[in-house]
Amino acid sequence: SWGGVQYPWSSPLILALAAASALLTALLIRTERRSEEPVLSPHIFHNRTVVIASGVMALAFMGLFGAFVFLPLFFQLVLGMTPAKAGLLLAPMTGGLIVTSTLGGRRVSSTGKYKLLTVFGLGAATLSFIAVMLSSAGCGGICVLETALIFLGFGFGMVMPNLVVALQNAVGIREMGAATATAAFFRQLGGTFGVAMSGAIMTAGLRGLHAGNWSRVAGGGRSLMEQGIQQIAALPPAEREIVKDAYRRAISATFLVGSIIIALAFILVLFLPEHPLRSAHGEEAGKETG
């Protein structure tokens, strides 16, 4: 989040932080391989299903968290809505996610098949994210945007629970807790990285758009971001429209990147193996004992 905002990407501090991240990651892998009770078990990463499911979760949440964070900002700064109304406009996406999570879980329980729903859900989420991007860029109204958000929630609701089922089904009973925690770790890591990345993209977009026209409005992109909604609303009409247009373009750029990331998750999930679901834990435990 500092890169390109508070410090240049080539600054010694940013380069040192990147090097430290690489070094600490290598030390983490080395430590986990030697530990008797590792937090991230290296053994389960030999399982193709675990690797693909964790990667898809990381990518999906990387794109989803960007939408959750910057959609309210778009509603308030560009469409001029109150914070309460901006929050309510996210309710259809959350509702769609809850509905398909419940129905999809029942479907998987009855059929024992999880891959088809996951592929279909990520495909729907990719198309919906593209529609959100186009609508936020000015190619559609609020009705189009809300419809796209509903289907975005529908898509993600089919993905997350079924990926957890696939991951838990692919490992032994003794590794189920470690595998579930690993998936949660990559899900959170993807979301955290997605928010930071989206913020950097939006800041870079604000600093690069209309530099000659609106640098005098707030002294550049970073100063403009630090202004509150009330200060922006108090600008003269002509300058306010310049600011709103700049935010529209910058936020839609984050949605464009988000749609690309979700598309990568869709491609990756196509390689997810599908194994028959265990009918009971006792049956699997018996197999292990035998």
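Is Ile130 buried, partly exposed or exposed? I looked up its accessibility and found Ile130 partly exposed, with a relative accessible area of 32%. I applied these limits: buried is under 20% relative accessible area, exposed is over 50%, and partly exposed lies in between, with a 1.4 Å probe and protein chains only.

**Entry 1: basis.** I worked on a predicted model, in which local features need pLDDT of at least 70 and side-chain atom pairs count only at pLDDT 80 or more, while totals for chains, interfaces and linings use all residues. Residues are numbered from 1 along each chain as its sequence is written, and side-chain values use heavy atoms, with hydrogens and water left out.

**Entry 2: Ile130.** I placed Ile130 in helix H5 (residues 115-139). Helices here are DSSP runs (H or I, at least four residues), as strands are (E, at least two), numbered from the N terminus.

**Entry 3: aromatic pairs.** I searched the whole structure and recorded seven aromatic pairs. Phe45 and Phe186 form one that is edge-to-face, at 6.1 Å centre to centre and 70° between the planes. This pair links distant parts of the chain, 141 residues apart: Phe45 is in the loop between helix H1 (12-34) and helix H2 (48-77), and Phe186 is in helix H7 (residues 176-208). The criterion covers rings of Phe, Tyr and Trp (its six-membered ring) with centres within 6.5 Å; planes under 30 degrees apart are stacked, over 60 edge-to-face, and the rest tilted. Ring pairs join Phe45, Phe185 and Phe186 into a cluster. I found each member partly exposed: Phe45 at 31%, Phe186 at 22% and Phe185 at 38%.

**Entry 4: charge over a ring.** I noted that the charged end of Arg187 sits over the ring of Phe61, 5.7 Å from its centre. The test requires NZ of Lys or CZ of Arg within 6 Å of the ring centre and within 35 degrees of the ring normal.

**Entry 5: pockets.** I took a pocket as an open set of points on a 1 Å grid over the protein atoms alone, with protein on both sides within 12 Å along at least five of seven lines; a cavity is a set where a 1.4 Å probe fits but cannot get out, and lining residues have an atom within 4 Å of a point. Points are joined across faces, edges and corners, and a volume is the space filled by probe spheres set on them. For the second largest pocket I recorded about 310 Å³. Its lining includes Phe45, Phe185 and Phe186, along with Glu32 and Arg33. The largest share of this lining, five residues, comes from H1. The largest pocket has a volume of about 410 Å³, and H7 gives the most to its lining, with five residues.

**Entry 6: cavity.** I found one cavity of 30 Å³ or more in the whole structure, and about 50 Å³ of space lies in the largest cavity. Its lining includes Met62, Phe129 and Met197. H11 (237-269) is among the elements that give two or more residues to this lining, and its share, five residues, is the largest.
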